[in-house]
Amino acid sequence: MPNNKQIIKIGVSGHRYLSKTPLITENLEKSIRKIINENPNKEIWLYSPLAKGADQLVAQITLKNYPKTKLIIPLPFEEQLYLDDFQDEDKKQYYQLKELAEKIFTIPNENQTKENQFFELGKFIVNNSDYLIFLWNGKVAQGQGGTGQIIEIAMNSKKKIVWIRANNDKPEFQELWEGVDPEGSMVYLNW
């Protein structure tokens with residue numbers, strides 16, 4: 001018998017270096033609950049490449065609170081090369097979450113720079129998602145395929161977006177955020 005259940009696809013993008021602000025987790029849980037509640041009786045797919053930071057955090061929280069979620073892991077290039085930039089603890093978390101995945105695959109993007117492959121991955125996630133969750137500091141992307149560039153594509157796509165402000169906590173990017181929304185604040189865009 002064919003599965004006629006409708007599918008809602010959630011994509012994630014964000015910084016790899018996040019601070020431990022409780023409001024980020026609280027609003028992430030709230031936003032996922034809102035998406036689930038707007039789509040009762042629909043199958044949920046989460047597209048997450050499971051990089052350190054935002055990708056892993058969104059996957060952990062979604063799977064913990066909604067264990068029937070199907071985790072889909074698109075990668076920008078071959079897995080071993082992808083994991084070369086991971087620290088041991090991040091690899092451990094990646095493999096634990098990978099065990100829960102429904103599917104893992106590499107998006108087609110041969111003969112491109114590493115940065116362009118991340119850009120193509122971001123576009124793939126935007127193009128294949130109904131909702132997008134961004135953990136982002138609101139700044140211009142630091143390079144090709146950065147969160148700032150991917151959210152711009154998402155905004156132009158008119159997809160429903162959850163933006164949770166999250167500082168890039170990597171030491172060379174730490175800044176004072178006087179006069180802006182506090183870290184962890186949340187905005188719904190295109191709703």
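This report describes the fold, the nonpolar cores and selected residues of a predicted protein model.

## Overall architecture

The protein chain contains six helices and seven strands. Read from the N terminus, these elements follow the order β-α-β-α-β-α-α-β-α-β-α-β-β. Among contacts with a sequence separation of 6 or more, 80% join residues 24 or more positions apart.

The radius of gyration of the protein chain is 16 Å, and a compact globule of 191 residues would have a value near 16 Å, so the two agree. Along the principal axes, the C-alpha atoms occupy a box of roughly 55 × 40 × 35 Å.

## Surface and charge

Of the 191 residues in the protein chain, 46% are buried. The accessible surface amounts to about 10300 Å², and carbon and sulfur atoms contribute 48% of that area.

Charged side chains number 24 positive and 25 negative. The centres of these two sets are 7 Å apart.

## Nonpolar cores

The largest nonpolar core has 34 residues, and the members that touch the most others are Leu 28, Leu 71, Tyr 82, Tyr 94, Ile 133 and Leu 135. Helix H2, spanning residues 54-65, is the greatest contributor to this core, supplying six residues.

Tyr 82 illustrates the contacts made by a member of the largest core. Beyond residues up to four places away in sequence, Tyr 82 touches Pro 49, Leu 50, Ala 51, Asp 55, Leu 75, Pro 76, Phe 77, Tyr 94 and Phe 118. One of these partners, Tyr 94, is also listed among the core members that touch the most others.

Most residues other than glycine have a negative phi. Asn 41 has a positive phi, near 65°, and Leu 50 has a positive phi near 60°.

Asn 41 occupies the loop that links helix H1 (22-38) to strand E2 (43-47). Its relative accessibility is 70%, and Asn 41 is therefore classed as exposed. Leu 50 belongs to the loop between E2 and H2. Leu 50 has a relative accessible area of 0% and is therefore buried; this residue is also among the contacts of Tyr 82.

## Helix residues and their contacts

Asn 27 is part of helix H1. With a relative accessible area of 7%, Asn 27 is buried. Apart from neighbours within four places in sequence, Asn 27 contacts Ile 164, Gly 184, Ser 185 and Met 186.

Gln 60 is located in helix H2 and is partly exposed, at 30% relative accessibility. Gln 60 touches Gln 93 and Leu 97, with residues up to four places away in sequence left out. Gln 60 and Leu 97 are 37 residues apart along the chain, and their C-alpha atoms are separated by 7.6 Å. Ile 153, in helix H6 (residues 147-157), is likewise partly exposed, at 23% relative accessibility. Residues up to four places away in sequence aside, Ile 153 touches Phe 119, Lys 123 and Val 126. Between Ile 153 and Trp 45, which are 108 residues apart in sequence, the C-alpha to C-alpha distance is 21 Å.

## Tyr 131 in strand E5

Tyr 131 is situated in strand E5, which covers residues 131-136. The relative accessibility of Tyr 131 is 6%; because buried means under 20%, Tyr 131 counts as buried.

Setting aside neighbours within four places in sequence, Tyr 131 contacts Ile 8, Lys 9, Ile 10, Gly 11, Ile 35, Glu 38, Asn 39, Lys 160 and Trp 191. Tyr 131 and Trp 191 are 60 residues apart in sequence, and 9.9 Å lies between their C-alpha atoms.

Conventions: Residues numbered from 1 in each chain as written. Heavy atoms only, no water. Core = buried A, V, L, I, M, F, W, Y, C linked by side-chain atoms within 4.5 Å. Buried < 20%, exposed > 50% of the residue type's maximum accessible area, 1.4 Å probe, protein only. Helix = DSSP H or I, 4+ residues; strand = E, 2+ residues; numbered from the N terminus. Contact = heavy atoms within 4.5 Å. Rg over C-alpha atoms; globule rule 2.2 N^0.38 Å. Areas by Shrake-Rupley, 256 points an atom, 1.4 Å probe, with all protein chains shown as cover. Lys, Arg positive; Asp, Glu negative; His and termini not counted. Charge placed at Lys NZ, Arg CZ, Asp CG, Glu CD.
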